[in-house]
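Hi everyone, thanks for coming. Let me walk you through one spot in a structure and then step back to its surroundings.

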Amino acid sequence: MAANKLMSAVAKLAPRAVQGGAKPTSMIPNMKIGTPWAGLKTRGELVEAGLMDESELSEQHKNVFNFSYFPEVGLMWDDLAYGRDPTVREALRRLPPDVHAARMVRISRALLLSAQRKVLPEEEWTTLESDIPYMAPYIEQVKREKEEMKEWKSKD
Amino acid sequence: MPCLRQGELCNWGSLMIPLRHRGLFSILNKSVWDYKVPVNINNWWYFGSLLGFMLLNQIISGFFLSTYYVAHVDHAFDSIVHINRDVYMGALVRGFHINGASLFFLFMYIHIGRGIYYGCYRQAGVWYSGIILMVLLMATSFLGYVLPWGQMSYWAAVVITSLLSTIPYLGPGLVDWIWGGYSVGQATLTRFYSLHFIMPFIMVIVVIIHVGLLHESGSSNPLGLYDPSGVGMRSFHPLYSCTDLFFCLVAFLYLLKLSCFHTWMFVPCENWIKADPMTTPKHITPEWYFLWIYAILRSAPTKGGGVALMILAILALALMPLTPLTHWQGGTQFSPVGKMLFFSWVTNLLFMTWIGSQPATWPYSYETVKGTIIYFGFYPVFLMNLAIKANKFSVNKYNYYKLWTITFFVSCLVCSYYLFDPSYVLTFEDFLL
């Protein structure tokens, strides 16, 4: 139910693709790396707004998140999206340019830190509350379209 | 192609283009010189090229050995003695070959472990060609182990070829076909020699396919991140080509040290005795690199069960790319529980290696069963852990881990019926010290 609420909230910001290939407009006019984007909230804000269950920020989740290596190099969970998967690849393609650029900068920073065998200072580590699930609306959009296409083809 | 101007003999500008960018060399350039490698790869990534170096070492040392080796049951052992004692540098070349095989396997196991730890099995084509290479290497090394025709060579050939008799209906006939007679003999030795000679060249072809598939998808990196922008990438030459050469030199120096000072460390004492079909050695054990799978073979009380488990042990690796786990990288490097599972599995494999060298009596037989269960239990638990972790933080939930749970329990039911003897029940005395 929380996921449904989240989806309905962000669906307004991620318009359905129409025939003719209209690209989704950018929803983050003045984006800064690491700051919450307009229309896309951090997990902490989503829980406060009631769009995500409180158990998502439980101690167990926080410990698992914090003990994983990727927050220490400044990555968010959605930065680990596996680009070889077709659904995720299409969702990545639909990311707004600034969101995509921020993602690339974080990934490049992580790769360079990994190459130097270093991590960020502790105050710059990503936390579960500051993590932004920015891929969610686009993955949902792609999945919805695939289901519609499947349903359309089954009618042939 | 630019046209020549009047009076011009050739397009002088084309001579300024480096050779590596012209014609067929450009294909090699794209695969080797200018191939883009992630900048953050660590030392575990160098074992791939080390494996290529070891294959080259085996081919060259094997070629020199083959010029003196005689594939006849009466002369094979003596020809090996002749190589050791009389041929100039013969013992060193044989040392290179024997110890090279051990290093080959060590590097291969490290290479596979790196692949499992960092999630490299997601590149399915590369993974499957690697599994084929692993099977080819195991076959090649087994065939080569038989050639000295010592006691252990002969009886290892008898034991391993006899395992094929467990194949329903075709088994006994297949064993006789491979033997070329009614027992391991001259025909077996000759065909094993031929196969041992040709298989490395088949491996070279598979290696080219393996590397080609890798270069098509791009190398993985310790973070497992897919970076299409190419920001964190460097050309293979000169950074990684020089580092690869350095590690090959280190490996060669270590191989030289082993061959000069610990030449016969991996040769069992029974193999210094010529093969005698009438005398069975007290303990038949394979080389160290097969001990873990030998332990799995001995863990089942039935012969067929042991062979099936052995095949499943390798198939379990092959099934890893088939799990539609998650759309997130979520490799072991991001999972503390995954790390614990992985290193427990590695420790178990080391333990199985030791157990395989022990006799098949209590308590070793009991411990072998435990080790086998841990080995097979690792795969579903490990992959389920990655899937659960991936689902923990994803807003889009994927329920693929249920597929593995169902598969695991169904396969346990099937295996328990066919592979284990119901009369093999552990009694109270088995638990007493």
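**A threonine and its neighbours**

Let's start with T332(B): leaving out residues up to four places away in sequence, T332(B) touches I116(B), Y117(B), G338(B), K339(B), F342(B), F382(B) and L386(B), where touching, or contact, means heavy atoms within 4.5 Å. Before going on, this is a predicted model, with local features needing pLDDT of at least 70, side-chain atom pairs counting only at pLDDT 80 or more, and totals for chains, interfaces and linings using all residues. Residues are numbered from 1 along each chain as its sequence is written, chains are lettered from A and ligands numbered from 1 in the order in which they are written, and side-chain values use heavy atoms, with hydrogens and water left out.

Where does T332(B) sit? You'll find T332(B) in the loop between α11 (303-318) and α12 (336-356) of chain B; helices here are DSSP runs (H or I, at least four residues), numbered from the N terminus. T332(B) counts as buried because its relative accessibility is 1%, and buried means under 20% relative accessible area with a 1.4 Å probe, protein chains only. The T332(B) side chain also reaches the backbone oxygen of Y117(B) at 2.9 Å.

Key:
Helices (H or I, at least four residues) and strands (E, at least two) are DSSP runs, numbered from the N terminus. Buried means under 20% relative accessible area, exposed over 50%, partly exposed in between (1.4 Å probe, protein chains only). A polar contact is a pair of N or O atoms within 3.5 Å; within protein, one must be able to donate a hydrogen and the other to accept it, and residues adjacent in sequence count only if both atoms are side-chain atoms.
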